[in-house]
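Work through the two exercises below with the sequence and model open. Try each task before reading its solution.

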Amino acid sequence: MKKDFFALIFVVNDHANFHLSGLCKLRSLQELDISRNSLKGSIPPCISNLTSLRLLELSENNLGGTIPSDLLRLKSLEYLSLSLNHFEGSISLSSFANNSNLEVLELDSLNNELHVDTENTPWKPLFQLKVLRLSNCKINEPTRSIPSFLLTQRELRVVNLSYNAMVGEVPTWLLNNNTRLEFLSLAENSFTGQFVLPADFKNLDLFWLDMWKNDIQGPLPASIGHILPNLQYLNMSRNSFHGSIPPSIGNMSKLYSLDLSSNNFTGELPEHFVMGCKELTTLKLSHNNLQGQLFLRKWNLTSVRFLYLDTRSFFIDFLVRYLHV
């Protein structure tokens, strides 16, 4: 009697010699999850025989070699995660152009040896991604430009483009185009220009924004706290921001981690910012040109557990009750 498999989830653990090629005969398979094991070797080309596959999850293994180009043409794929492996060689995302069902694409690299090209031929994707993880890769060398197909995306929820050394203007249009974005990391690239948000724009879903280690200039938008009121994690450190810290950050009542260190911020900490961020546990303001008093008695910083102020400009009114000692 013929048996069709629709979903297959493996917990292989330390069986490093498990052969993926043995799965290639399961042509009716729709979901395959072998993530978080210790699999070694490469992805066999025959996996492209699984034409009914909707979900392929191979993340967090020790897989290497090249990614078979035929794998990218599986038309039924909705979810593809190959992240946190040791793949190398080159892939072209234009191979996904006709994958109209694709919603999740994860290719985060562990070894920075995966070359990803998105611009080699003109193409327009039929898909609308919800999740894109493409960190620690070599993207569009030698231009190192941000993938232009992202301009067509309107449904993104999670975007991780960190550690790619990409250049160009900081792509604030990712926020404007994807109004339900929840997670955005552009950390450790070489983006320049100003971080500009339109005054009439608001995103109530974004909880994580990380632009650490770029070369973004100018002031933080004065209305950032009104536009992104539900941020929980905000990291703008190691850029070239200047001007004062916007008081509107105090509107981020859920903010637990704020890192504005290693910039050129000046002035004093706004009272509204300090009074409003009642959930703040990590505050990093080191290596700026801030001045004034800290820890005034009326300020509510009782949740702070990690405080970085290594600068000589502050006059600190040190109150033991704020550090709970």
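**Exercise 1: Asp210**

The side chain of Asp210 reaches 3.1 Å to the backbone nitrogen of Trp212, a polar contact (a pair of N or O atoms within 3.5 Å; within protein, one must be able to donate a hydrogen and the other to accept it, and residues adjacent in sequence count only if both atoms are side-chain atoms). This is a predicted model: local features need pLDDT of at least 70, side-chain atom pairs count only at pLDDT 80 or more, and totals for chains, interfaces and linings use all residues. Residues are numbered from 1 along each chain as its sequence is written, and side-chain values use heavy atoms, without hydrogens or water.

Task: Find which strand holds Asp210, and which side chain of opposite charge is nearest.

Solution:
1. Asp210 lies in strand 17, residues 208-210. Strands are DSSP runs (E, at least two residues), numbered from the N terminus.
2. Asp210 is buried, that is, under 20% relative accessible area (1.4 Å probe, protein chains only).
3. The nearest side chain of opposite charge is Lys284, 10 Å away. Lys and Arg count as positive, Asp and Glu as negative; His and the chain ends are not counted.
4. Asp210 has no salt bridge (a side-chain nitrogen of Lys or Arg within 4 Å of a carboxyl oxygen of Asp or Glu).

**Exercise 2: Strand 10**

Task: State which strands join strand 10.

Solution:
1. Strand 8 (residues 89-92) runs parallel to strand 10, with 4 bridges. Pairing takes at least two DSSP bridges.
2. Strand 12 (residues 138-139) is also parallel to strand 10, with 2 bridges.
3. Ser90 stands opposite His115, and Val116 opposite Ile139.

Definitions and conventions:
Buried means under 20% relative accessible area, exposed over 50%, partly exposed in between (1.4 Å probe, protein chains only).
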